[in-house]
Amino acid sequence: MTIDEGDVLKVGDRTLEVWSTPGHTAGQLAFRMGPLLFSGDNIFRDGCVGVIDAHHGSNLVEFIASLKRIRACDAEYLLPSHGPIFRKDDALLTSTIDRLESYTHMADFGTCAVDWPLLDVWEDELTQGKLLL
């Protein structure tokens, strides 16, 4: 049996709604149960996230979209895959989203980055004949 976005799972008298929350991995899922969101490796209480590693399927742009979805939801508590349960904090999520968005423009994140503005600056300098030694 496979489960997909929007599926509803019955566990005893409880119901879990399946959410696709890719980013950390391509197939990461979260599960909504009333005021609780089993949020996986999307966000931890300290604002950290699951490892970002393009070689193992991470996608920074999708990660950000998943965090925005979590921020927009009305869940009251997040239950991460590691560490303590915590009350959903939109300011914490916004700070994390802002940090990850900055990574999309950093060479440090290799193929997870969408661009590296420094290369554009360097190309402009080269075409203008500016060579700094």
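**Entry 1: the strands.** I began with strand S1 (residues 8–11) and strand S2 (residues 14–20), which pair in the antiparallel sense over four bridges. I counted two strands as paired if DSSP finds at least two bridges between them. Strands here are DSSP runs of E with at least two residues, helices are runs of H or I with at least four, and both are numbered from the N terminus. The model I examined is predicted; local features need pLDDT of at least 70, side-chain atom pairs count only at pLDDT 80 or more, and totals for chains, interfaces and linings use all residues. Residues are numbered from 1 along each chain as its sequence is written, and side-chain values use heavy atoms, with hydrogens and water left out.

I then looked at single residues in this region. Val11 stands opposite Arg14 of S2. The hairpin of S1 and S2 has two residues between the strands, and Gly12 takes a positive phi near 60° there. S2 is also joined to strand S3 (residues 29–33) by four bridges, and these two strands run antiparallel. I noted that Glu17 has Arg32 in S3 as its bridge partner.

**Entry 2: the whole chain.** I found three helices and six strands in the chain. Along the sequence they follow the pattern β-β-β-β-α-β-β-α-α. The radius of gyration is 19 Å, well over the 14 Å that the globule rule gives for 133 residues, so the chain is more spread out than a compact globule. This radius is taken over C-alpha atoms, and the rule is 2.2 Å times the number of residues to the power 0.38. The C-alpha trace spans about 70 × 35 × 20 Å along its principal axes.

Entry 3: I looked up burial next: 35% of the 133 residues count as buried. Buried means under 20% relative accessible area, exposed over 50%, and partly exposed in between (1.4 Å probe, protein chains only). Of the contacts with a separation of 6 or more, 49% are between residues 24 or more positions apart. A contact means heavy atoms within 4.5 Å.

**Entry 4: Ile70.** I asked where Ile70 is placed. Ile70 is in helix H1 (residues 60–72). Is Ile70 buried or exposed? Ile70 counts as buried because its relative accessibility is 0%. Leaving aside neighbours within four places in sequence, I found Ile70 in contact with Trp19, Leu37, Asn42, Leu78, Lys88 and Leu93. I also noted that the C-alpha atoms of Ile70 and Gly40 are separated by 11 Å, with the two residues 30 apart along the chain.
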